[in-house]
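Reader: I have just opened this one and would like someone to walk me through it. Could we take the inside first and then move on to other topics?

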Amino acid sequence: MTLVQAILAGLFWTVAGLIALNGLDDLLTDLGHHGRTLWRRLWVYGRHRRACVARLPTLAERPIAILVPAWSEAEVIGPMLASLRRSVRYRRYRVYLGVYPNDPLTPGAAEAVRHTPPADRGARDRARDRAKDRARDWAGGRAGAAGDWLRIVPLDHDGPTSKADCLNALYTAARADAPAVYLLHDAEDLVDPDALTVINLLVGRYPMVQLPVEPLAQPSWFGVANHYMDEFAESHGKDLPWREAVSGGVPSAGVGCGFAADALDTLARARGGRPFRPGSLTEDYEAALSLALALGNRGGRLILARVPRRPGAPPVATRAYFPHRFSAAVRQKARWYVGIAYQGWRLLGWPGGVVRRWVLLRDRKAPLVAVLALAGYGFVGAYGGYWLTAWLDGGAAAASAPAWGAAPGTLALVQVNLALLAWRAGHRMVYTGRTYGWRQGLWALARMPVANLVNACAAVRAGWLVWGHVRSGRPLVWQKTEHSFPDPARLPGPGRRPGEPAS
């Protein structure tokens with residue numbers, strides 16, 4: 001065996017072995033989730049009806065502050081705020097929009113929709129307000145001026161800075177009005193009509209409540225944007241519920257995430273009045289994990305709330321368009337990788353017991369797994385090409401077999417990885433199909449190589465950014481993602497899944 005052959009053999013066994021370990025880790029998560037789901041069906045839902053919005057108990061509305069940081073969002077902020085105002089079936093809320101002095105177009109677009117009429121919440125809610133005298137504004141008094149639902153908060157310095165910097169300014173402004181809940185949203189989000197109702201019910205029992213995130217389908221079934229649907233469907237449908245069950249908490253996705261006021265105040269007091277770290281590229285993720293550590297066992301769980309509007313309907317969720325260009329998706333995911341894997345490790349370390357460290361490892365291994373997947377494609381292609389050639393030549397090609405391909409145990413390791421890949425692909429298709437319909441479930445299989453390529457390129461970019469930061473001290477700068485807001489005419493109608501086109 002030559003030196004080159006030895007190096008290739010070592011690389012193959014390293015890559016294939018790590019891929020197998022990652023697949024077994026995912027298998028353990030899958031089996032745990034399926035076991036928990038079966039137990040809940042037999043022992044919980046056999047005695048109790050499943051929760052849905054239609055069955056939620058009536059609860060007095062508490063003031064909710066919706067924090068929306070915005071830099072150069074003039075194209076989407078008006079439609080987003082108008083949609084929120086027209087659709088949300090909740091009264092006691094106020095939107096705090098963070099803007100910068102050198103971006104006059106964003107506040108101008110927001111002002112244009114300030115007097116949008118609120119949603120008609122239905123006869124049941126109107127009767128409840130009359131009977132219990134709760135037709136009040138967000139602070140508890142009688143309903144105030146028509147435009148008081150929106151407060152534009154100009155920062156005292158030019159932008160862009162970081163999302164965390166803007167969120168801290170919004171937190172300071174909202175805290176003066178004493179809200180009960182802080183709800184995070186982005187400028188491109190389509191807020192669910194019942195989102196605030198669910199948040200109001202659960203925040204208080206739990207210090208943080210995360211609603212599912214469902215990326216909206218875009219015209220190209222095979223495009224870059226739609227691979228986000230597959231990843232979020234599996235993550236928020238399986239991985240996070242299991243993580244919540246075993247570790248007592250889930251990370252914040254940064255949108256559709258409600259914090260109890262006293263919980264976020266606890267984090268702010270420990271950080272000089274700023275609950276979000278300005279230098280973090282994933283400030284939402286870091287804040288939720290820090291909050292879980294600060295509260296410990298006494299503070300309750302940080303939960304993912306999957307509550308359908310009615311039995312069998314999709315859950316109340318935050319929906320939005322995600323990047324459709326390859327370069328934009330790579331930049332966004334590179335920011336996630338740097339913030340979660342590198343900054344999360346540096347800022348938070350490896351706290352807690354075995355289970356908490358395990359879930360942190362699952363978060364932080366993502367860049368490595370992305371690169372391994374791409375390397376795996378190369379080895380599988382070379383290995384498959386060798387065996388195909390050998391079969392076509394009737395075994396004559398055996399003399400030219402690569403050292404790593406002919407070594408004992410190679411075939412067994414490849415078969416194990418192929419079996420784990422089939423398991424993984426099956427789960428991706430099933431969970432995408434449950435959320436978006438069977439057609440998107442089938443397309444999820446074809447989108448897996450697209451997702452792997454995006455993730456691998458993002459991992460390489462993240463590594464380059466971290467290397468530049470460590471070597472030369474170059475700061476890790478938060479990079480904005482270009483946004484678009486869905487055309488209401490293209491949104492799915494009542495009872496349709498978010499991946500289905502409007503009729």
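**Inside the model**

Author: Leu-81 touches Val-95, Leu-97, Ala-110, Val-113, Trp-149 and Leu-150, leaving aside residues up to four places away in sequence, where contact means heavy atoms within 4.5 Å. This is a predicted model, in which local features need pLDDT of at least 70 and side-chain atom pairs count only at pLDDT 80 or more, while totals for chains, interfaces and linings use all residues. Residues are numbered from 1 along each chain as its sequence is written, and side-chain values use heavy atoms, with hydrogens and water left out.

Reader: Which residues have the most contacts inside the largest nonpolar core?

Author: They are Leu-81, Tyr-93, Leu-97 and Leu-196, in a core of 74 residues. A nonpolar core here is a set of buried Ala, Val, Leu, Ile, Met, Phe, Trp, Tyr and Cys residues joined through side-chain atoms within 4.5 Å, and buried means under 20% relative accessible area, with exposed over 50% and partly exposed in between (1.4 Å probe, protein chains only). A second, separate core has 21 residues, among them Val-213, Ala-329, Ala-462 and Val-466.

Reader: Ok, and helix α2, how many of its residues are buried?

Author: Of the 14 residues of α2, 10 are buried, so the helix is largely enclosed by the rest of the structure. Leu-81 is one of the buried ones, and others include Val-76, Ile-77, Met-80 and Arg-85. Helices (H or I, at least four residues) and strands (E, at least two) are DSSP runs, numbered from the N terminus.

Reader: What covers those buried residues of α2?

Author: The cover includes β1 (64-69), β2 (93-99), α3 (105-111) and β3 (150-154).

Reader: Changing topic, how many salt bridges are there?

Author: The count comes to 30 salt bridges, each being a side-chain nitrogen of Lys or Arg within 4 Å of a carboxyl oxygen of Asp or Glu. One of them joins Lys-365 to Asp-25, with the closest N and O atoms 2.4 Å apart. Lys-365 sits in the loop between α11 (354-364) and α12 (366-392), and Asp-25 in helix α1 (residues 3-44), so this pair ties together parts that are 340 residues apart in sequence.

Reader: Is Lys-365 buried or exposed, then?

Author: Lys-365 counts as buried because its relative accessibility is 15%, and Asp-25 is buried as well, at 14% relative accessible area.

Reader: And what does Arg-94 pair with?

Author: Arg-94 forms a salt bridge with Asp-148, the closest N and O atoms being 2.6 Å apart. The two lie 54 residues apart, Arg-94 in strand β2 and Asp-148 in the loop between α4 (123-132) and β3. Arg-94 is buried at 5% relative accessibility, whereas Asp-148 is partly exposed at 29%.

Reader: Which residues are closest to the centre of the largest cavity?

Author: Of the 17 residues that line the largest cavity, those closest to its centre are Arg-243, Leu-289, Ala-292, Arg-356 and Leu-360. The elements giving two or more residues to this lining are α7 (227-247), α9 (283-295) and α11.

Methods: 1 Å grid on protein atoms, 1.4 Å probe; cavity = no way out; pocket = protein on both sides within 12 Å on 5 of 7 lines; lining within 4 Å.
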